[in-house]
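Dear colleague,

Please find below the structure that I am handing over to you.

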Amino acid sequence: MLFLLSTALACTKPPATPLITILADQTLVVPVGVENAPEVCFNITGPGTLKGFVDVISGQKINYYLYPEPSESGWTVAKGESVLRSLFEVPLDTGSYKLIVVAYWSDQDDTNEERLVNVYLEFWS
């Protein structure tokens with residue numbers, strides 16, 4: 001019985017540990033308006049999962065959009081609209097990508113100032 005147990009344990013392999021690459025860990029100054037929206041651009045060299053966190057630390061809500069490059073089709077991989085804080089996780093394949101953070105002007109309040117936004121992106125392959 002002991003022999004069978006030790007043979008079975010010798011054949012098992014531990015699961016592979018994913019490679020984690022930090023793509024962005026920065027604070028963006030986001031002025032009001034689409035024309036001045038900051039971008040975070042990055043390249044992916046193989047399939048995996050992008051895990052992201054967007055957090056407004058000063059100012060009102062923002063929108064964010066993750067596009068493949070070139071973004072001629074207008075197709076988004078991920079987006080968050082009217083958020084103060086958002087976590088997202090999306091599968092990505094090889095290619096270039098761009099995260100855009102937008103602060104829109106609002107008629108609903110007098111807080112149309114620029115925003116400070118933390119952006120953290122990591123890729124698990």
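D55 touches L84, R85, L116, V117 and N118, leaving aside residues up to four places away in sequence; a contact here means heavy atoms within 4.5 Å. The side chain of D55 also makes a polar contact, at 3.1 Å, with the side chain of R85. A polar contact is a pair of N or O atoms within 3.5 Å; within protein, one must be able to donate a hydrogen and the other to accept it, and residues adjacent in sequence count only if both atoms are side-chain atoms. D55 belongs to strand β3, residues 48-58. D55 counts as buried because its relative accessibility is 9%, where buried means under 20% relative accessible area, exposed over 50%, and partly exposed in between (1.4 Å probe, protein chains only).

Please note that this is a predicted model, in which local features need pLDDT of at least 70 and side-chain atom pairs count only at pLDDT 80 or more, while totals for chains, interfaces and linings use all residues. Residues are numbered from 1 along each chain as its sequence is written, and side-chain values use heavy atoms, with hydrogens and water left out.

As to the overall composition, the chain has one helix and eight strands, and along the sequence they follow the pattern α-β-β-β-β-β-β-β-β. Helices (H or I, at least four residues) and strands (E, at least two) are DSSP runs, numbered from the N terminus. Of the 125 residues in the chain, 36% are buried. Among contacts between residues at least 6 apart in sequence, 78% join residues at least 24 apart.

Strand β3 is part of an open sheet of four strands, in the order β1-β8-β3-β6 and with antiparallel pairing. Its edge strands are β1 and β6 (85-92), each of which pairs on one side only. The twist from one strand to the next averages 15 degrees; axes are lines fitted to C-alpha atoms, for helices over the stretch in contact, and angles run from 0 to 180 degrees between N-to-C directions. Two strands are said to pair if DSSP finds at least two bridges between them. The pairings in this sheet are as follows:

- Strands β1 (residues 20-30) and β8 (residues 115-124) are antiparallel and joined by ten bridges; I20 has W124 in β8 as its bridge partner.
- Strands β3 and β8 run antiparallel, with nine bridges between them; F53 is partnered by Y120 in β8.
- Strands β3 and β6 run antiparallel and share eight bridges; K51 has E89 in β6 as its bridge partner.

In strand β8 lies L121, which is buried because its relative accessible area is 1%. Leaving aside residues up to four places away in sequence, L121 touches T21, I22, L23, A24, V40, F42, L50, K51, G52, F88 and L99. L121 and V40 are 81 residues apart in sequence, and their C-alpha atoms are 9.6 Å apart in space.

Further pairing involves strand β7 (residues 95-102), which is mostly covered, with six of its eight residues buried. Strand β2 (residues 39-44) pairs with β7 in the antiparallel sense over six bridges, and N43 is partnered by S96 in β7. Strands β4 and β7 also run antiparallel, joined by seven bridges; V102 in β7 is the bridge partner of N63.

The structure holds three aromatic pairs. One of them is stacked: Y64 and F88 lie 5.2 Å apart centre to centre, with 25 degrees between the planes. This pair links distant parts of the chain, Y64 in strand β4 (residues 62-69) and F88 in strand β6, 24 residues apart. Rings of Phe, Tyr and Trp (its six-membered ring) pair if their centres lie within 6.5 Å; planes under 30 degrees apart count as stacked, over 60 as edge-to-face and the rest as tilted. Both Y64 and F88 are buried.

Finally, two backbone details may be noted. E69 and P70 are joined by a cis peptide bond, with omega about -5 degrees; P70 lies in the loop between β4 and β5 (78-83). S82, in strand β5, has a positive phi near 60 degrees although it is a residue other than glycine.
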